[in-house]
There are 2 protein chains.
Amino acid sequence: MRYQTERNIVATIDDVAKAAGVSTSTVSYVLSGKRPISAPTRARVERAIDKLGYRPHAGARALASARTNVIALMAPLRVGVNVPVIMQFVAGVVTRARDFDHDVLLLTQDDVSGLDRVTGGSMVDALVMMDIEADDPRVPLVAAAKQPTVLIGLPQDPEGLSCVDLDFEAAGRLAVRHLARTGHTDVALIGSPPEVLQRHTSYAERLMRGLRSQATSSGLTARVEACDSSPSGASAAVDTLLATAPDTTGIIVHNEAALPHVLSRLAERGIVVGADMSVIAVCPTDVALSQRIPMTSIDLPAEDIGKVAVDMVMARLEGDHPSETRLLSPVLTERESSAYGPAGALD
Amino acid sequence: MRYQTERNIVATIDDVAKAAGVSTSTVSYVLSGKRPISAPTRARVERAIDKLGYRPHAGARALASARTNVIALMAPLRVGVNVPVIMQFVAGVVTRARDFDHDVLLLTQDDVSGLDRVTGGSMVDALVMMDIEADDPRVPLVAAAKQPTVLIGLPQDPEGLSCVDLDFEAAGRLAVRHLARTGHTDVALIGSPPEVLQRHTSYAERLMRGLRSQATSSGLTARVEACDSSPSGASAAVDTLLATAPDTTGIIVHNEAALPHVLSRLAERGIVVGADMSVIAVCPTDVALSQRIPMTSIDLPAEDIGKVAVDMVMARLEGDHPSETRLLSPVLTERESSAYGPAGALD
DNA sequence: TATTAATGTCGAAGCGCTTCGACGGACGGA
DNA sequence: TCCGTCCGTCGAAGCGCTTCGACATTAATA
């Protein structure tokens with residue numbers, strides 16, 4: 001038996017007002033702080049609130065204030081390549097949203113009609129959308145909505161929406177530059193699965209662009225190999241690479257799921273990563289650390305990106321901040337999977 | 001430029017009523033179907049609705065009807081052991097919720113106050129909670145709430161709440177029985193990380209219980225090894241096991257993250273899985289299939305469990321179904337990681 | 001001391017929807 | 001032909017909250 005005056009009869013703001021001997025609006029102002037309330041009144045109200053266990057009714061509040069304190073997050077939930085990465089995005093978004101006193105409504109990627117539903121029905125104040133493709137059909141939809149939206153990823157045409165992502169082009173350059181400086185002359189990218197490339201997922205293309213431009217300006221040879229995320233796909237990619245470009249001494253892997261299999265295959269072929277071959281991973285730090293050896297990596301700060309996305313969307317919600325695109329600078333951390341190449345130190 | 005009568009001025013039900021030349025309530029009844037409406041009237045209303053692009057306001061609806069059409073899902077978002085599994089639960093819940101015309105509000109495991117918020121604030125109609133521990137502090141909280149809740153997992157005392165989970169005890173028995181039948185006499189469990197065991201996560205304990213009881217009745221020796229999910233943790237578990245019980249020919253692995261590392265370590269030690277050693281994994285099928293060889297496994301039907309959870313919670317929402325506990329029967333699928341043991345076929 | 005400006009509180013008008021009771025008309029049975 | 005039904009529709013009363021304007025007080029200014 002618990003102390004509860006009446007099961008399922010919940011206190012309303014009027015009950016609180018009555019109990020505190022003030023008007024309804026006063027209670028509301030105590031709660032919102034939008035008008036000054038004297039200390040004694042406030043105290044009485046607050047006492048009444050927790051004596052009654054009062055909780056404002058979210059729907060009523062939304063109706064009256066046109067604010068729901070909920071944001072929508074559209075995430076790809078299909079099992080696939082980058083599940084841990086997705087989880088980190090989600091975690092970042094949810095925890096940061098709480099800092100702004102918002103909750104998160106979860107939409108799945110393929111539920112396109114969900115956008116209309118939550119938007120038109122005023123279920124949410126704002127949206128965050130992950131995994132944006134170059135020519136994403138959802139972009140025009142949310143661009144037409146009244147709620148501000150931020151995209152995680154970079155579409156061809158953002159249509160005035162805010163975007164945030166890792167600067168993959170810079171990451172590509174950074175990885176190649178690092179390999180060049182440490183004496184490598186023949187490098188390769190083992191990248192996303194062919195499907196991802198075909199979808200023109202922009203991050204994959206941006207990484208390749210950066211890699212190629214830096215290879216050119218550093219005078220390196222750079223090869224690119226698509227890579228299915230399965231063990232056999234990874235083996236195949238490694239084998240093809242080593243067959244067509246046997247002089248390769250530096251590999252950049254941008255495929256979390258394939259990474260362990262790539263390393264296994266290299267090991268099977270007697271190639272010692274960190275000595276014969278330098279491998280740089282582009283992935284979250286915890287993934288880099290849970291490989292057979294700690295990987296030199298460019299961090300994909302998924303959780304941070306999620307948080308920044310929320311910051312941006314909240315900024316738009318408050319003031320009249322313009323939309324913007326933020327690309328986070330890549331950071332490379334040396335660990336045990338990379339070493340000097342045939343040309344030795346260059347600095 | 002788009003066709004939109006007025007940016008941000010959205011149509012209300014009254015606008016629709018006016019446009020269709022009927023009363024507000026008629027429109028409402030067209031939408032809800034709670035009273036009969038003649039075909040011509042219905043048609044006029046529907047035409048008005050999509051001419052105006054009308055969407056009912058979720059908050060207003062919630063206020064008037066005491067139904068939000070949202071359920072809360074509390075999931076562990078910390079990066080950890082079983083990320084892919086969690087994602088599958090989540091996906092199951094979200095997709096099934098949509099079948100019932102509900103959306104999902106995502107709460108993180110550690111945000112205990114979130115329970116109170118969404119519950120007391122009437123933000124949701126029901127709750128689903130994952131990753132329930134034996135003595136979970138959240139259970140009494142949601143048990144006191146007015147919304148129905150289903151737990152994924154089994155607490156010591158469900159306090160009248162519904163539960164759903166894989167029948168891990170049966171899974172433990174099934175795995176051992178299979179090994180016994182295929183001629184193994186010395187088997188072992190490589191299980192959850194020590195932290196998980198210390199939290200008394202019930203699934204780990206239930207699996208062990210089933211395993212031990214079946215080992216006893218089948219006359220096998222069964223050893224249990226906790227296992228950290230890191231590569232080194234997995235290696236250590238394998239090494240310890242092989243040192244203390246060198247006759248082991250059958251291993252049950254119940255730790256998705258450690259699984260690949262366990263297999264690697266066995267390979268490193270020159271032990272051929274599927275020949276020298278039979279390994280049965282307890283994990284989702286797709287995890288079983290993405291190892292170096294296709295694993296014989298007992299499926300952890302995460303997505304199904306999520307769906308069943310939603311089915312159960314919806315049932316309670318509709319009628320006055322009593323609370324229940326559903327344990328899904330384990331299914332073992334033979335693949336390439338298991339073979340006959342020293343005693344040969346027994347059937 | 002008279003006048004203005006804060007300061008603190010109240011009352012009432014919605015926000016957009018659901019739902020209950022009422023009501024007019026068509027219909028079948030007596 | 002009259003009455004009881006059922007069908008389809010309407011009007012109005014909320015659901016619980018926010019917010020605007022008004023109204024006392026009290027404090028600051030001339």
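**Where the chains meet**

A: Arg98(A) and Asp111(B) join their side chains in a salt bridge, with 3.9 Å from N to O. The term stands for a side-chain nitrogen of Lys or Arg within 4 Å of a carboxyl oxygen of Asp or Glu, and chain B and chain A have 6 salt bridges between them.

The model is predicted, so local features need pLDDT of at least 70 and side-chain atom pairs count only at pLDDT 80 or more, while totals for chains, interfaces and linings use all residues. Residues are numbered from 1 along each chain as its sequence is written, chains are lettered from A and ligands numbered from 1 in the order in which they are written, and side-chain values use heavy atoms, leaving out hydrogens and water.

Chain B brings 51 residues to the contact, and chain A brings 51 residues; contact means heavy atoms within 4.5 Å. The size of an interface is often given as the accessible area lost when the parts come together. Here the two chains bury about 4200 Å² between them, 62% of it on carbon and sulfur atoms, where buried area is the accessible area (1.4 Å probe) lost by two parts on being put together, summed over both. Arg55(B), Met87(B) and Leu106(B) supply 14% of what chain B buries against chain A, more than any other three residues.

The arrangement of the copies can also be described.

Gly59(B) belongs to helix 4 (residues 58-65) of chain B; helices (H or I, at least four residues) and strands (E, at least two) are DSSP runs, numbered from the N terminus. With 6% relative accessibility, Gly59(B) counts as buried, a class that means under 20% relative accessible area, against over 50% for exposed and partly exposed in between (1.4 Å probe, protein chains only). From Gly59(B) to Gln198(B) the separation is 139 residues in sequence and 43 Å in space, C-alpha to C-alpha.
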